[in-house]
Amino acid sequence: MEVKGLTREYRMQQWAGIISGRHGSGKTVRVWCEEQGVNQKSYYYWQQKIREALGERFTSGEGEP
């Protein structure tokens with residue numbers, strides 16, 4: 001895999017953890033982002049990218065058991 005692909009995969013993994021942490025907090029995105037110093041637009045951007053990637057995995061058959 002090329003460097004760009006590896007970098008993107010790494011960032012997606014980081015953001016998946018961030019997004020998961022926010023969901024586990026029970027707080028709103030706005031409040032959680034303010035408390036954590038996370039840019040709210042970045043949060044929503046990566047949330048969408050992760051959802052798209054997960055959708056592609058399931059539609060291609062990779063996510064099926």
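Q: What makes Y43 buried in this predicted model?
A: The relative accessible area of Y43 is 0%. Buried means under 20%, so Y43 is called buried.

Q: Why is Y44 called partly exposed?
A: Y44 has a relative accessible area of 40%. Residues under 20% are buried and those over 50% are exposed, with partly exposed in between. The value for Y44 falls in between, so Y44 is partly exposed.

Q: Why is the pair of Y43 and Y44 called edge-to-face?
A: A pair of aromatic rings is described by the distance of the centres and the angle of the planes. The ring centres of Y43 and Y44 are 5.6 Å apart, and their planes stand at 85 degrees. Rings pair if their centres lie within 6.5 Å, and planes over 60 degrees apart count as edge-to-face.

Q: What makes the pair of Y45 and W46 edge-to-face?
A: Here the centres lie 5.3 Å apart and the planes are at 90 degrees. The distance is within 6.5 Å and the angle is over 60 degrees, so the pair of Y45 and W46 is edge-to-face.

Q: Are Y45 and W46 buried or partly exposed, and how do you know?
A: Y45 has a relative accessible area of 42%, which lies between 20% and 50%, so Y45 is partly exposed. W46 has a relative accessibility of 10%, which is under 20%, so W46 counts as buried.

Q: How many aromatic pairs does the structure hold, and which residues do ring pairs link into a cluster?
A: The structure holds four aromatic pairs. Ring pairs link W15, Y45 and W46 into a cluster.

Q: What makes the pattern of the protein α-α-α?
A: The secondary structure comes to three helices and zero strands. Read along the sequence, this gives the pattern α-α-α.

Conventions:
Residues are numbered from 1 along each chain as its sequence is written. This is a predicted model: local features need pLDDT of at least 70, side-chain atom pairs count only at pLDDT 80 or more; totals for chains, interfaces and linings use all residues. Side-chain values use heavy atoms; hydrogens and water are left out. Rings of Phe, Tyr and Trp (its six-membered ring) pair if their centres lie within 6.5 Å; planes under 30 degrees apart count as stacked, over 60 as edge-to-face and the rest as tilted. Buried means under 20% relative accessible area, exposed over 50%, partly exposed in between (1.4 Å probe, protein chains only). Helices (H or I, at least four residues) and strands (E, at least two) are DSSP runs, numbered from the N terminus.
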